[in-house]
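Visitor: I would like to learn how to read a few features of a protein model. Could you take me through them one at a time?

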Amino acid sequence: MYKILHKETLSDVNKLMVIAAPMVARKARPGQFVIVRIDEHGERIPLTIADYDREEGTITIIFQEVGKTTMHLGTLGIGDELATFVGPLGHPTEIENYGTVVCVGGGVGIAPLYPITRALKEAGNTVLSIIGARTKELLFWEEKMRAVSDELVVCTDDGSYGRKALVTEPLKELLEQRDGGVARVWAIGPAIMMKFVSLTTKPHDVKTIVSLNTIMIDGTGMCGGCRVLLDEGARFVCVDGPEFDAHKVDWNNLLARQAFYKDEERLATEQWEHNCRLERVLEEGDA
């Protein structure tokens with residue numbers, strides 16, 4: 001069992017947890033992920049590693065409550081235990097001294113971007129970072145990102161904090177200002193955001209790396225649920241990724257696949273919420 005040692009509420013929907021997982025922490029590297037199961041009957045969900053501490057034997061995860069399992073996970077507290085916490089999985093980020101790089105994080109994607117940004121800075125790169133969210137309440141880790149970046153631009157869609165802009169706007173400006181001077185771009189966030197980051201960088205011929213968090217079940221490449229189409233054919237995110245060249249991803253196919261199980265996800269959430277209400281009624285009755 002994997003005990004929750006620390007929990008933070010970052011917003012109404014974003015939660016942070018520090019999990020005791022010494023075997024995972026020992027091998028974890030930036031860009032990798034874990035597959036979590038709350039209990040023996042629970043769904044397996046992939047969560048990218050937000051941070052790790054080898055000495056303490058801990059892994060930090062940050063997740064957004066968007067469906068039944070993440071909502072259930074968000075109800076757990078310090079001292080509760082997870083049934084399984086498998087990892088580290090996937091290929092780690094290729095860290096080198098590339099020169100000047102840009103790191104772009106959107107929403108909860110800021111979490112997995114942080115260890116990558118830190119590693120790139122430690123490798124000697126000049127790191128220009130852009131983080132954004134729909135609104136101020138959904139932003140987090142601004143100071144942590146600032147500490148590992150040479151420059152940081154903060155955006156919100158509604159203008160409630162920082163610059164009122166999508167992350168692609170300051171990215172486009174940086175690429176134009178430093179024409180030929182940006183070696184690579186990393187982008188992590190919603191699929192639609194990563195698609196438009198890809199479209200922004202392609203005219204400048206800047207290699208762009210994205211981390212794809214697709215539907216996963218077994219995490220070993222056997223089920224095929226995380227299939228993604230690239231220029232050279234199909235790949236599996238769990239074993240071939242999670243990072244890919246953004247300019248090779250079939251984004252329309254990826255976005256369509258993400259919507260495959262919307263009805264099932266909605267029904268599962270509704271059933272879980274109904275069961276929670278029923279449990280509260282029964283508890284109140286016993287009291």
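Predicted model: local features only at pLDDT ≥ 70, side-chain atom pairs only at ≥ 80, totals over all residues.

Visitor: What radius of gyration does the protein have, and what would a compact globule have?

Guide: The radius is taken over C-alpha atoms, and the globule rule is 2.2 Å times the number of residues to the power 0.38. For 287 residues that rule gives a value near 19 Å, and the protein agrees, with 19 Å. Its C-alpha atoms fill a box of roughly 70 × 40 × 40 Å along the principal axes.

Visitor: How many residues does the largest nonpolar core have?

Guide: A nonpolar core is a set of buried Ala, Val, Leu, Ile, Met, Phe, Trp, Tyr and Cys residues joined through side-chain atoms within 4.5 Å. Buried means under 20% relative accessible area, exposed over 50%, and partly exposed in between (1.4 Å probe, protein chains only). Here the largest core has 34 residues, and V102, V104 and L212 have the most contacts inside it. Apart from that core lies another of 27 residues, including V101 and W141.

Visitor: How many disulfides are there?

Guide: A disulfide is a covalent bond between the sulfur atoms of two cysteines. The test is a pair of cysteine sulfur atoms within 2.5 Å, and the count comes to zero. C238 is in no disulfide, as the nearest cysteine sulfur, that of C226, is 3.7 Å away. For C155, the closest cysteine sulfur is in C103, at 15 Å, too far for a bond. C155 is buried, at 0% relative accessibility.

Visitor: How many aromatic pairs does a search of the whole structure find?

Guide: A pair of aromatic rings is described by the distance of the centres and the angle of the planes. Rings of Phe, Tyr and Trp (its six-membered ring) pair if their centres lie within 6.5 Å; planes under 30 degrees apart are stacked, over 60 edge-to-face, and the rest tilted. The search finds four pairs. In one of them, Y2 and F85 have ring centres 5.8 Å apart and planes at 35°, so the pair is tilted. Y2 is partly exposed at 26% relative accessibility, whereas F85 is buried at 2%. F140 and W141 are edge-to-face, with centres 6.1 Å apart and planes at 75°. Together with Y114, F140 and W141 form one aromatic cluster.

Note on methods. Residues numbered from 1 in each chain as written. Heavy atoms only, no water.
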